[in-house]
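Subject: Structure handover, aromatic contacts

Hello,

Here is the structure for you to look over. Please open it alongside the notes that follow.

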There are 2 protein chains.
Amino acid sequence: MKVALIQQKYYGSKEKTINKTVEMISKTNSDLVVLQELHQNEYFCKSEDTKFFDYADDYKKDIKFWSNISKKFDIVLVTSLFEKRADGIYHNTAYVFDKGKIAGKYRKMHIPDDPGFYEKFYFTEGDLGFEPINTSVGRLGVLVCWDQWYPEAARIMALKGAEVLIYPTAIGWLECPKNRIDELCEKENTKEEKQKMLDAWISVQRGHAVANGLPVITVNRVGSEKDESGVLEGIEFWGNSFVLGPQGEFLARAGMKEEIIEVEIDLNSSKEIRKIWPFLRDRRIDSYKCLQKRYCEKK
Amino acid sequence: MKVALIQQKYYGSKEKTINKTVEMISKTNSDLVVLQELHQNEYFCKSEDTKFFDYADDYKKDIKFWSNISKKFDIVLVTSLFEKRADGIYHNTAYVFDKGKIAGKYRKMHIPDDPGFYEKFYFTEGDLGFEPINTSVGRLGVLVCWDQWYPEAARIMALKGAEVLIYPTAIGWLECPKNRIDELCEKENTKEEKQKMLDAWISVQRGHAVANGLPVITVNRVGSEKDESGVLEGIEFWGNSFVLGPQGEFLARAGMKEEIIEVEIDLNSSKEIRKIWPFLRDRRIDSYKCLQKRYCEKK
């Protein structure tokens, strides 16, 4: 299976950004194309503003549009859309299209909320659980961004037969206003701290690959996006999209500019790895009850 | 908290090996000392031979011995012993001593079995669950070797209030007999494949640190140990013991020779990290039922 990752910038409007996305897709030659989180617009969760809910009004048109794109280019396409389900119920939803047909959708289950990433304001937690999506290229374990910090999500996808884990993502460093002294911001913005965050983000996902014997595809935004509210200067999305093999090894990795990664993934290598490293065989399901709890207090 | 990791070789007999361990401990100046898996003897699980069960006969004497050592050096000491519980019931058990007192024990929960690591022959699965052990240096999430591939084990320790994850370990590369052509052995023994295995082992544990916002201490054997059964040449234990901070960053790392690592761990850094990266806040405990199952079949 050949996969293309579209790591791109925001171009100031939905139309311009989508045009660029389609142009980039047209340059690929893969069976599967994965887009970044909320790829149609700027990452609007940098602040809490009700005006951004309007972005979800075109949800049904968006579905039709990307369905057509997947048909036109004869691909399986993983998109990340802002779903309006009802007034007051919105989701961060990954739609997967298979050559013009809807293969399935995943509603982001773990919703973050921290400075610059105010997603709990916009998105209701997903209620579809962790269900892999069957497509003509394989059974895809599609998750979204914050999910990547949760071994539970990756494991459940594996236990439900996912053949690959896929994460559309929007992650980056906060840019502090230059006229403001903010302890958190200053601490995070040393070069060393930035590298530590980036490494942590990669490490945890390499962990998912290893623990589950599955390849991982992660597509992140790139470029700087201003915070219109003025609380922060903005976010510098760190790119670094990557593809891992089932031992957590890098198959490909992007830098910090707009780019397309294309790489071959051998789904058979997972099957072989799981024979040599049979982690799934030895799980102690009799002793995992605490995982269902918020916290397992000390006795 | 200052911690010392004793990464050592096997010296041909229990007596010589223990003498060396004690000598190495005497050179440390730490509050917590962690020994490698089954540190008293050779890693005998390279083959299945009933004679090795005799090693467990001195279990109670061993406890007394290491308890005395922890008292003598005024340390918290994490050991890894071969426990005889009854005829036919043996465990791979980590005993933790606190300045002469028994702080607690952990019986290895996940038991491996693959060529050269025939642990299911020797060890009954632990039945004490994943319970951190309270000591004068903190609440220790002691796990053993194969456990390190299981995000479930790390997570449960975190949810039970562990302040650090600790893994005594015995892992290495198989050495193939030179007169034998074995596909698995040959495949594993390229330099590239060896590096991939080592990286995977590190990656999955960095993942545990990140996902749980906890430091990780892993102590591995080093040196080559012959397989007396002659099926394999032996195992080359790869050392590379390490200490990670709560973002999965290396605080210290050993090479492939016998050595002592000593490093300061700031348990407060976990507390701070969990404020910035509040992963535990957003777990979807309503949707993790599949984790209790062996496999969650496709509908």
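This is a predicted model: local features need pLDDT of at least 70, side-chain atom pairs count only at pLDDT 80 or more; totals for chains, interfaces and linings use all residues.

Residues are numbered from 1 along each chain as its sequence is written, chains are lettered from A and ligands numbered from 1 in the order written, and side-chain values use heavy atoms, with hydrogens and water left out.

Rings of Phe, Tyr and Trp (its six-membered ring) pair if their centres lie within 6.5 Å; planes under 30 degrees apart are stacked, over 60 edge-to-face, and the rest tilted. Over all chains this gives 64 aromatic pairs. Trp201(A) and Trp238(A) are edge-to-face, because their ring centres are 5.6 Å apart and their planes at 70 degrees. This pair joins distant parts of chain A, 37 residues apart: Trp201(A) is in helix 6 (residues 191–212) and Trp238(A) in strand 12 (residues 234–238). Helices (H or I, at least four residues) and strands (E, at least two) are DSSP runs, numbered from the N terminus.

Both Trp201(A) and Trp238(A) are buried (under 20% relative accessible area; exposed is over 50%, partly exposed in between; 1.4 Å probe, protein chains only).

In chain B, Tyr95(B) and Phe97(B) are stacked, with 5.7 Å between centres and 15 degrees between planes. Tyr95(B) is buried at 7% relative accessibility, and Phe97(B) is buried at 0%.

The charged end of Arg221(A) sits over the ring of Phe237(A), 5.7 Å from its centre (CZ of Arg or NZ of Lys within 6 Å of the ring centre and within 35 degrees of the ring normal).

Regards
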